[in-house]
Amino acid sequence: MVLRTSMFHLSTMRTRLLSFRLLTAFFAFLLSCADYAGPPYLTDDPETVEYQHWEFYISTIQDHNFNGLTPTSGWSGTLPHSELNYGIISDVQLHVQVEEAYNKVPGQPMQYGYGETELGVKYRFIHETDYFPQVALYPFLELPTGNEMRELGSDKAQVFLPLWFQKNLGKDWQTFGGGGYWFNPGPGNRDWWYTGWAIQRKMTEKLNVGVEVFHEGPQMQGQSASTGANFGAVLDITENYHLLASAGHTLQGGFLAYFGIQFTWGPEAPKKIDKPEK
């Protein structure tokens, strides 16, 4: 799957950041309601977590001069961020992210603290056929839980409404992508579009590699749009533990890197019992 995350979006010059502080509370929330593409890429996919299965990511994002900012903008990122996905019913996935954010501007002390909180629901309404891709809606809400004065979040809730597509191309190739519209209220902010597309190849039984291209509209008044590419890889340590990494640049001079660990678990499929021959 996805990555969100998460996987993974950068909002108003700050990345989505996650942390363990609210994880226990959100576990209870999901149960009461009750990536592979997505991470490590910014672009997501339509695959949902299987019914009664879980995905958990603990990751970090390092971002420099992203979205066309000046070189004096410094660094921002996650230390760490965490993402939890749960398959509540077939083709429907609940999603939560919590975050620890940092922001370092040259000549000023580093700011570090809790960032934004993200809640979402992914709904796959078309399954893949020989001729058509699978398709899903994945709206989510970013709550303004970070401190805007310290540049660790926004003071307004933001909403993302994307549509994602995916198609397998033979045994070892897979392509996915799409995009959506960000509602980004607040003084000086602008609503904006995100679009991205990725392709990945299964190199061995345990290693997938891929590349994505993406474009983000300007998110603030006076800011330019951003276009870039990331290269990523996923290594399956076991059936339930995976390492994810990606890195890339934008045409505007930005740099972005991601590293994370994914854990997956859920009920095992019932074993088939062969009937004795008569």
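Tutor: We'll take the cores, the rings, the backbone and then the surface.

Tutor: Keep in mind that this is a predicted model.

Student: Fine. How many residues does the largest nonpolar core have?

Tutor: The largest nonpolar core has 15 residues. Those with the most contacts inside it are Leu 42, Phe 160, Trp 164, Trp 182, Tyr 194, Leu 244 and Tyr 258.

Student: Which strands each supply at least two residues of this core?

Tutor: Strand 3, strand 10, strand 12 (192–202) and strand 16 (255–265) each do.

Student: Rings next. How many aromatic pairs does a search of the whole structure find?

Tutor: The search finds 15 aromatic pairs. Take Tyr 138 and Phe 140: their ring centres are 5.9 Å apart and their planes are at 80 degrees, so the pair is edge-to-face.

Student: Is Tyr 138 buried or exposed? And Phe 140, buried or exposed?

Tutor: Tyr 138 is buried, with a relative accessible area of 0%. Phe 140 is buried too, at 4%.

Student: Which residues do ring pairs link into a cluster?

Tutor: Tyr 138, Phe 140, Phe 160, Trp 182 and Trp 192.

Student: Why does His 95 count as buried?

Tutor: Its relative accessibility is 2%. Buried means under 20%, so His 95 qualifies.

Student: Switching to backbone. Which peptide bond is cis?

Tutor: The one from Leu 79 to Pro 80 is cis, with omega near -10 degrees. Pro 80 lies in strand 4 (residues 75–89).

Student: What about phi? Where is Gln 52, with its positive phi?

Tutor: Gln 52 has a phi of about 65 degrees although it is not a glycine. Its place is the loop between helix 1 (23–33) and strand 3 (54–64). Gln 52 is partly exposed, at 35% relative accessible area.

Student: And what is phi of Glu 151?

Tutor: Phi of Glu 151 is near 60 degrees, a positive value in a residue other than glycine. Glu 151 is in the loop between strand 9 (140–143) and strand 10 (158–169). At 39% relative accessibility, Glu 151 counts as partly exposed.

Student: Why flag these backbone values?

Tutor: Because most residues other than glycine have a negative phi, and most peptide bonds are trans.

Student: Last topic, the surface. Which residues make the nonpolar patch?

Tutor: Tyr 123, Phe 125, Ile 126 and Leu 137 make a nonpolar surface patch of about 350 Å².

Student: Which strand gives the largest share of the nonpolar patch?

Tutor: Strand 7 (residues 117–126), with three residues. Phe 125 lies in strand 7. Phe 125 is partly exposed, with a relative accessible area of 36%.

Conventions. Residues are numbered from 1 along each chain as its sequence is written. This is a predicted model: local features need pLDDT of at least 70, side-chain atom pairs count only at pLDDT 80 or more; totals for chains, interfaces and linings use all residues. Side-chain values use heavy atoms; hydrogens and water are left out. Patches are made of residues with over 30% relative accessible area and no salt bridge: like charges are joined within 9 Å, nonpolar side chains (Val, Leu, Ile, Met, Phe, Trp, Tyr) within 5 Å. Accessible areas come from the Shrake-Rupley method with a 1.4 Å probe; for residues, only the protein chains shown count as cover. A salt bridge is a side-chain nitrogen of Lys or Arg within 4 Å of a carboxyl oxygen of Asp or Glu. Helices (H or I, at least four residues) and strands (E, at least two) are DSSP runs, numbered from the N terminus. Buried means under 20% relative accessible area, exposed over 50%, partly exposed in between (1.4 Å probe, protein chains only). A nonpolar core is a set of buried Ala, Val, Leu, Ile, Met, Phe, Trp, Tyr and Cys residues joined through side-chain atoms within 4.5 Å. Rings of Phe, Tyr and Trp (its six-membered ring) pair if their centres lie within 6.5 Å; planes under 30 degrees apart count as stacked, over 60 as edge-to-face and the rest as tilted.
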